[in-house]
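Subject: Structure for you, with notes on helix packing

Hi,

Here is the structure I promised to pass on. My notes follow below it.

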Amino acid sequence: MNIGNSVVLNTLGVPIINSFEHLCEQLSITEQLLYFLTYKNEYCYDEVVIPKKDKTERKLHVPNLSLKVVQRWILKEILEKIFVSEQSMAFVPHKNGLKENAERHKKNIFLLEMDITNFFGTITEQQVYRLFCNIGYNSKVAGILANLCTYNDYLPQGAVTSPYIANLVCYHMDARINGYCSRKDIVYTRYADDLTFSSNNRMLLNKVEKFIKYIVGDEGFVINEKKTRYLSNDVKKTVTGITINDDSIHVDKKFKKDLRSQIYQSIKLKNYGNNSQILGKIAYVNSIEDGFRNKMLKYITDTIAKPELARDQTIVDAFNENKLFSELPDMIFVQASDFPFFSEEDYR
C-alpha cells in the first residue's frame, strides 16, 4: 500500500489493510476461513422468502454466522466511519430516520413519493469494489472486501453491510437530486429505496418528476412507476408510514388501535407469545410520538383493573407472570362479590 493511501485511511479512521493475510489478522480468523467466505460465498447464504403486502414475495439472502460476523466488522470498523448524504434517512447510526424523514416534510402541503425498483439488487459488485477503492484500499484488498459484501455479483438484501453500502453508493445520486431540488425550494429525502419530495408549490413538484427519473436512471436505477404518487392536505399524507397532516407527525391511528386490541386480547386470552412483537410496536410508536410508552403503561394498568378480567384467577396469574414492563403493578384478583354495583348477570 502506498503512503498516499495510508494517509487517506488514517484520516478516515478506518483500519489500514494491505493484504489478504493482514485482513485475516484484523479479523482474527484463519486464512482458510477467509478464503472460503471470500471465494466460496455461494455456500454462505440461506435464501429466505417473505410475503409482501401486495401478495408478491421478497427474497432475502441471509449470511451464515461466520460471514455475518465478518460483515459486521466491516460495517462497524470501515463503512460506518464514512459519512452518507444528509438526505439519506435509513440505516444511519444514532439517527431516528423514520422520524426525521417525516419531520423534514411536515410543513409542506404537497408530497411526491417515488420508489426505486430492485434497489439492492441493482448495485453491482463492481460498484462496491470502486467504493472500497475510493475509501483508500488497494485493488487486492478492495476486491476481497467487495466479495465479502456481495452475492452473485450484486448487493444481497439480507446482508448486514448492504443497507449502509447502498447509502454510500447513492451519495452522488442524492447530491445531484438535492442540488436540483434545493434550487426550486423542494425538500428531498431518501429512505432506502423510497424517494420523497415536498413543496408548497404543486406545479414545481409536477415538473420535477421527469428530471428526477432522468437522474435516477443516469445513476443506474429504475423508478417503479406503479408506486409514484402525489399527496396533499386533501388526503392523509404519509411518509414511510408516518402521518404528517396538520404540521405534526404521528403514527397511523389504526395501527395504535390494533396495538391496544392486541394487548387486551393477550391479557384476556392469557396468550403472551407475542410479547416481543408488542414491545417492538410500542417502541416504534414511542420513537415517533414521545410519551406513547407511558400511555400504554396507563392503558394496561386500567385494563387489568377491569372487573371482567380481574375476577378470573387464571387471567390474574398469567398476567403477573408475563408482564410487558417490570414497572407495571400486579393484577389483583377480586371476587365478584367485591363489586357491589354489579350482579352475576352483569359479568356473563
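The crossing of α12 past α14 is right-handed. On the α12 side the contact uses K256, L259, R260, I263, Y264 and I267. On the α14 side it uses F292, M296, Y299, I300 and T303. Keep in mind throughout that this is a predicted model.

**α12 and α13**

α12 (residues 253–268) has another partner to look at, α13 (residues 275–288). These two axes also come within 11 Å, but they cross at roughly 150°. That angle is over 145 degrees, so α12 runs roughly antiparallel to α13. Here α12 passes α13 in a left-handed crossing. The α12 residues in this contact are F255, K256, L259, Q262, I263 and S266. They meet Q277, I278, K281, I282, Y284 and V285 of α13.

Beyond residues up to four places away in sequence, Q262 touches N274, Q277, I278 and K281.

**α13 itself**

α13 has 14 residues. Its first and last C-alpha atoms are 20 Å apart, close to the 20 Å expected at 1.5 Å a residue. Which residues of α13 are buried? They are N275, I278, I282, V285 and I288. Seen down the axis of α13, these buried residues fall within an arc of 155°, so they line one face of the helix. The general rule is that an α-helix has 3.6 residues a turn, so residues three or four places apart point the same way. The cover over the buried residues of α13 includes α5 (97–105), β8 (242–243), β9 (250–251), α12 and α14 (292–303).

**α10**

Helix α10 covers residues 171–182. It has 12 residues, which at 1.5 Å a residue should span 16 Å. The end C-alpha atoms of α10 are 16 Å apart, in agreement. Its buried residues are M173, D174, I177, Y180 and C181. Down the axis of α10 they fall within an arc of 135°, so they too line one face of their helix. What do the buried residues of α10 pack against? They pack against β4 (187–191), β5 (194–199) and α11 (202–218).

Most residues other than glycine have a negative phi. Two residues to check on that count are A192 and S28.

A192 has a phi near 60°, a positive value in a residue other than glycine. A192 is placed in the loop between β4 and β5. With a relative accessibility of 10%, A192 counts as buried.

S28 also has a phi near 60°, again positive and again not in a glycine. S28 is in the loop between α2 (20–27) and α3 (31–39). Is S28 buried or exposed? S28 is exposed, with a relative accessible area of 65%.

**α2 and α3**

The axes of α2 and α3 come within 10 Å and cross at roughly 105°. That makes α2 roughly perpendicular to α3.

Y39 lies in helix α3. At 35% relative accessibility, Y39 is partly exposed. Leaving aside neighbours within four places in sequence, Y39 is in contact with F20, K140, I144 and N147. One of these, N147, is 108 residues from Y39 in sequence. In space the two are 7.2 Å apart, C-alpha to C-alpha.

**S139**

S139 belongs to helix α8 (residues 139–149). S139 is partly exposed, with a relative accessible area of 48%. S139 and N18 are 121 residues apart in sequence. Their C-alpha atoms are 9.6 Å apart in space.

Best wishes

Terms used: Residues are numbered from 1 along each chain as its sequence is written. This is a predicted model: local features need pLDDT of at least 70, side-chain atom pairs count only at pLDDT 80 or more; totals for chains, interfaces and linings use all residues. Side-chain values use heavy atoms; hydrogens and water are left out. Helices (H or I, at least four residues) and strands (E, at least two) are DSSP runs, numbered from the N terminus. The expected span of a helix is 1.5 Å times one less than its number of residues. Buried means under 20% relative accessible area, exposed over 50%, partly exposed in between (1.4 Å probe, protein chains only). The arc is that of the directions from the helix axis to the C-beta atoms. Contact means heavy atoms within 4.5 Å. Axes are lines fitted to C-alpha atoms, for helices over the stretch in contact, and angles run from 0 to 180 degrees between N-to-C directions. Angles under 35 degrees count as roughly parallel, over 145 as roughly antiparallel, 65 to 115 as roughly perpendicular and the rest as oblique. A crossing is left-handed if the near helix is turned anticlockwise from the far one by less than a right angle, and right-handed if clockwise.
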